[in-house]
Amino acid sequence: SDSSSTDGGEIVEENGSFFKIFYGMSSDTAMKKHAGGVAEYRSSEGKTVKVPYRGPIDETIRDCLGGVRSACTYVGAADLKEMERRTTFIRVTQQLNPVFTESTKVNPTNITPPPDAKRAKLS
């Protein structure tokens, strides 16, 4: 997730920065929130992650489109259809998912928090 204002996740503030909290339904967070805690016979399996809040989705889409335009320029393609003829695509079967590691990418744009942003402290 890009943690924009249009996706799920609770928005929290920590030291003046805004983040979105996401959790799997088998996580400790979900079990505490929806089932009153982790049952004795179970263990939590899911993760809870905190990612920087990036603002409205249109900025993220603009970033993605800019990357596609740049890739077309690199290979000399006038459009996406031509890109297929000018490149060789390689299937990647293993990669690191940065959502489950400490996120370091921060949007340099100053973001105005949404009115419903909670000022909760993270533990």
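**Exercise 1. Is Glu82 buried, partly exposed or exposed?**

Solution. Start with the ground rules. This is a predicted model, in which local features need pLDDT of at least 70, side-chain atom pairs count only at pLDDT 80 or more, and totals for chains, interfaces and linings use all residues. Residues are numbered from 1 along each chain as its sequence is written, and side-chain values use heavy atoms, with hydrogens and water left out.

Step 1. Glu82 has 15% relative accessibility, so Glu82 is buried.

Step 2. Check the partner. Glu82 and Arg86 form a salt bridge, N to O 2.6 Å. The term requires a side-chain nitrogen of Lys or Arg within 4 Å of a carboxyl oxygen of Asp or Glu. Arg86 is partly exposed at 46%.

Step 3. Glu82 and Arg86 sit 4 residues apart in helix α3 (residues 80-86), which means about one helical turn separates them. Helices are DSSP runs (H or I, at least four residues) and strands likewise (E, at least two), numbered from the N terminus.

**Exercise 2. Describe the salt bridge between Asp58 and Arg62.**

Solution. 

Step 1. The closest N and O atoms of Asp58 and Arg62 are 4.0 Å apart.

Step 2. Both residues belong to helix α2 (residues 57-75). They are 4 residues apart, so the spacing is about one helical turn.

Step 3. Asp58 is partly exposed, at 40%. Arg62 is exposed, at 51%.

**Exercise 3. Where does Arg54 lie, and which residue does it pair with?**

Solution. 

Step 1. Arg54 lies in the loop between β3 (48-52) and α2.

Step 2. Arg54 forms a salt bridge with Asp63, with 3.3 Å between the closest N and O atoms.

Step 3. Compare the classes. Arg54 is buried at 15%, whereas Asp63 is partly exposed at 48%.

Step 4. Recall the general point: side chains of opposite charge can pair when their charged atoms come close.

Key
Buried < 20%, exposed > 50% of the residue type's maximum accessible area, 1.4 Å probe, protein only.
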